[in-house]
Amino acid sequence: MPELLTTDIIAAIATPPGRGGVGIVRVSGKGLSSLILGVTGRKTLPPRQAVHTAFYDAQQRVLDQGLALFFAAPQSYTGEDVLELHGHGGVAVMRALLERCLELGARLAQPGEFTRRAFLNDKLDLAQAEAVADLIDAATGMAARAAARSLSGAFSAEVQQLVDALVETRMHVEASLDFPEEDLDSVLDPKVAARVAVLTENIDALLARARAGALLREGLTVVLIGAPNVGKSSLLNRLAREEAAIVTPIAGTTRDTIERQIALGGIPLTVVDTAGLRDTDDAIEKIGIARTWAAIERADLALFLTDAQHMQDTALPATDAAILARLPETMPRILVCNKSDLLSALVAIAPSFVDAVHALRMVSISAKTGDGLDALENAVLDAVGVAHLTEDTFLARARHLEALQRARHALHDAAQELAGACPALELAAEQLRLAQEALDSITGAFSADDLLGVIFSRFCIGK
């Protein structure tokens, strides 16, 4: 994405393509008076007031009628003069209004260019700007509320608190460097190491919340695996609350992967039903089994289903044990004993058995009746570390996590340099600078132009 001019006029359709009751063309730039006159026939528009008007083409024919809203700089989304034309949301009408704006000197906006200008004009910091796109893309109500918190600046404020404390710590260390080397031990504030320790704890806490926020934004993939006819498709249907997969008593009914999007505790999940794993000579079933293993490779968590009726002396059937033996040891998994409704009493599973199959937990359920589903949902949330999301959660991106981790590592290295009888102040000061640089990259106080290009290029046009 090339560097953008901030003095030219940009325009784009700000509403989704297609038919709708209302459509909006948004314009931003410096000096919109001639464009306003050309579109509305009015020399001026009162700021921040909706004006009912006709919209005209170059021959003064009426293209549409609607509302014109003018926001004078700097009191606008972008910090520039902004004009919004609210017309009828037909494809032809919106295209005609946009073409009229382009005829009058505007150019077509690039993806995310309005929000990029808001960032460049200090209307939003970078984390807030990203939250704009996240709010639009939010898949659950909790994700939308978390994105709104980030947009309001809640995440940025917490990062800035860390930066302020880090600046104060740097001040103490770098001031000590002005003294002769033989006096370092006497001048170095003994509280500096304690400050670094507190900063590290605070970053750890923020990082934990950011990981939860990243899950809210990106969700995770849960794969249902097991031998044929253990109830994987029934569980998918129960979780999706629809008949997404065919369920029959015939083993091997599911031949391909079936995916459904659900929300669990506010977390968007992609649940993948798979073909039952077994040895077979059926060519089509073999393809389905190969796809099952491919789905396992992509998944964040596996729900391993087994038939509770076949559990004897808390031992898995040999077919199930063989499947578990092929799973990557690092793959998080929950052992799900299905068909509990067919048992007179639930099988008691010893913790040592769960450990033996590398499972995080064991849950007994009945996909047919729904018994145990609440326990399974809690186990899934526990497995990903977000069992208790709160309303003060903010949305975070992978780059935010990476920046917080870099800051934490730099603080750890700074603490190492400050330890001992002869602190290496120059090295500690450099690590503290790197920690601040990492934190500043979250809000954009320190950001490379190519990073900005990547971020805003992923926005929709008109935003």
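**The sheet and its helices**

Let me start with a strand pair: S7, residues 220–226, and S9, residues 267–273, run parallel and are joined over 5 bridges. Two strands pair here if DSSP finds at least two bridges between them. Helices (H or I, at least four residues) and strands (E, at least two) are DSSP runs, numbered from the N terminus. Within this pair, Val222 sits opposite Val271 of S9.

Before going on, the caveats. This is a predicted model, where local features need pLDDT of at least 70, side-chain atom pairs count only at pLDDT 80 or more, and totals for chains, interfaces and linings use all residues. Residues are numbered from 1 along each chain as its sequence is written, and side-chain values use heavy atoms, with hydrogens and water left out.

Now the whole sheet. It is open, with 6 strands in the order S8-S9-S7-S10-S11-S12, and its pairing is mixed. Strands S8 (258–264) and S12 (361–364) are at the edges with a single partner strand each, so one side of each has no neighbour in the sheet. On average, neighbouring strands are turned by 25° against each other, direction ignored. For the other angles, axes are lines fitted to C-alpha atoms, for helices over the stretch in contact, and angles run from 0 to 180 degrees between N-to-C directions.

Which strands does helix H11 touch? H11, residues 318–326, packs on the sheet against S7, S10 (301–307) and S11 (333–338), and its direction is at about 170° to that of S10. Contact means heavy atoms within 4.5 Å. Helix H13 lies across S8, S9, S10, S11 and S12, at about 165° to S12.

H13, residues 373–383, also packs with H9, residues 232–240, at an angle of about 85°, the axes being 12 Å apart. The two are therefore roughly perpendicular, a label for 65 to 115 degrees; under 35 counts as roughly parallel, over 145 as roughly antiparallel and the rest as oblique. H9 contributes Leu235, Arg238 and Leu239, and H13 contributes Leu373, Leu376 and Glu377.

Last, another helix pair. H6 (residues 154–176) and H15 (residues 425–443) pack at about 160°, with axes 9 Å apart, and are therefore roughly antiparallel. Their crossing is left-handed, that is, the near helix is turned anticlockwise from the far one by less than a right angle, clockwise being right-handed. Among the contact residues are Phe155 and Val159 of H6 and Leu432 and Leu439 of H15.
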